[in-house]
Amino acid sequence: MSAHASNLGFEVGPIRPPSEANSLLVRVSRNCPWNRCAFCSVYKHSAGYSRRSVEDVHADLDAMRRLYGDRPRTVFLQDADPVQANPNDLVRILEGIRERFPEVTRITTYARSRTLAYRSVKDLRRLREAGLNRVHCGFESGSDTVLELMSKGVTRAEQIEGGRRAKEAGFELSWYVMPGLGGREHTREHADETASAVARVEPHFVRLRTTAVVPGSPLADLQAAGRFSPLGEIDTVVEIRRFLAGLEGATTRLESDHALNLMMEIRGDLPSEREKLLALLDEVLQLDAEDQVLFVLGRRAGLLHRLRHFREPGVKEQLVGLRDEWLEDGEDPETLFHRLRLQWI
Ligand code: SF4
């Protein structure tokens, strides 16, 4: 049993997307078969990747049925890349889910773009027909420079091909995009190349997850070596604006559902709500420098949830007090913001 095996008679992996908070978690394989992305610490200290047998997963499902009865409505497959399983096995697992939980209306999974890019559309379609509805891919960046720097193990072309195949097979496609992943060095290329890949594939969902440098991670090593300079909070807003500007005419649903994001309100249907979102970003960019610090502090301290709350009576005065208390004389506000962000990892 893994470190995340539960006492309930079935295994549970360490993470799931925020949008799957209420889903039944079914562990198809353990850990990540790649495990080298510089920004990712989830599986770095795990025992390594392994597949689970269909029989073991079915036994988990039996235990879940006993525990949860007919309550689950959505299911999420774990860990990092369940689609790498043998397609016949995965079809049997999906059938096992539907047999035991006929009430379930949605089954989703993580998948590496590279795995999707080398699976035939025929095999992917079999998974779709067996009940898998949606794939969540850690797309992160459309820039080959950034993908290589981050040791993502996939090229822009493979990511586009993986997305194309997933859509052709009939899946809902959800791409995670990481603002700030190119650092100060590659922010423009990261924004432009990511936007052009999104415009080309038009995934059903694009979910923003702002980059954070986790202490002890390979990304922290890149920073120490002078190869990655983290973007400041406002420069990240500039980058997201550039990304969104590059999506002119593209059809997708933009989501901001991760606590690391500064502006959770940057979500909506594109292209119809694109102008509205650009205006929200501009509103922050047009604040004077002192108000920008106060707004970011309010968000990172958890006192503000939306930009509009910044305008409410008394809020600014409260934030001035907080700034004077928390920010040492001469301290770079970004250092404080970084410390505050780490609480969300
Ligand atoms: S980001 Fe995804 S593919 Fe990369 S190491 Fe983490 S789990 Fe594996």
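This is a predicted model: local features need pLDDT of at least 70, side-chain atom pairs count only at pLDDT 80 or more; totals for chains, interfaces and linings use all residues.

In total, 18 residues line the second largest pocket, and Pro230, Leu231, Gly232, Glu334 and Arg341 are the ones nearest its centre. The volume of this pocket is about 290 Å³. Its lining also brings two domains together: domain 1 (18–288) and domain 2 (289–345) each contribute at least three residues. By class, you will find six nonpolar, seven polar and five charged residues around it.

Now turn to the largest pocket, with a volume of about 880 Å³. Which residues lie nearest its centre? They are Ile15, Cys40, Val42, Tyr110 and Arg209, out of a lining of 36 residues. Sorted by class, that lining holds 21 nonpolar, seven polar and eight charged residues. Helix H3 (113–117) and strand E6 (134–140) each supply at least two residues here, and E6 gives the most, with three.

Six of its seven residues are buried, so the strand is mostly covered, where buried means under 20% relative accessible area. E6 has strand partners too. Strand E5 (residues 106–110) runs parallel to E6, and three bridges join the two; threonine 108 stands opposite arginine 134 in E6. E6 also pairs in the parallel sense with strand E7 (residues 172–177), this time over five bridges. In that pairing, valine 135 stands opposite leucine 173 of E7.

Another strand to find is E1, which covers residues 24–27. In a regular strand, side chains alternate between the two faces of the sheet. Are the faces of E1 covered or open? Both are covered: Leu24 and Val26 on one side, and Leu25 and Arg27 on the other, are all buried. E1 runs parallel to strand E4 (residues 74–78), and four bridges join them. Within E4, phenylalanine 76 is the bridge partner of leucine 25.

Rolling a probe the size of a water molecule over the atoms shows where empty space is left. How many cavities of 30 Å³ or more does a search of the whole structure find? There are two.

The largest cavity holds about 100 Å³ of space. Its lining consists of 13 residues, with Thr210, Val237, Ile240, Leu262 and Met263 nearest the centre. Helix H9 (residues 233–245) provides the largest share of this lining, four residues. By class, the lining of the largest cavity has seven nonpolar, four polar and two charged residues.

The second largest cavity has a volume of about 40 Å³. Around it sit Val177, Pro179, His190, Ala191, Thr194, Glu239, Ile240 and Phe243. H9 takes part again here, as H9 and helix H7 (187–201) each supply at least two lining residues. Five of the residues around this cavity are nonpolar, two are polar and one is charged.

Technical notes:
Residues are numbered from 1 along each chain as its sequence is written. Side-chain values use heavy atoms; hydrogens and water are left out. On a 1 Å grid over the protein atoms alone, a cavity is a set of points where a 1.4 Å probe fits but cannot get out, and a pocket is an open set with protein on both sides within 12 Å along at least five of seven lines; lining residues have an atom within 4 Å of a point. Grid points are joined across faces, edges and corners, and a volume is the space filled by probe spheres set on the points. Ala, Val, Leu, Ile, Met, Phe, Trp, Tyr, Cys and Pro count as nonpolar, Asp, Glu, Lys and Arg as charged, and the others, Gly among them, as polar. Buried means under 20% relative accessible area, exposed over 50%, partly exposed in between (1.4 Å probe, protein chains only). Two strands pair if DSSP finds at least two bridges between them. Domain bounds come from an automatic or database domain assignment.
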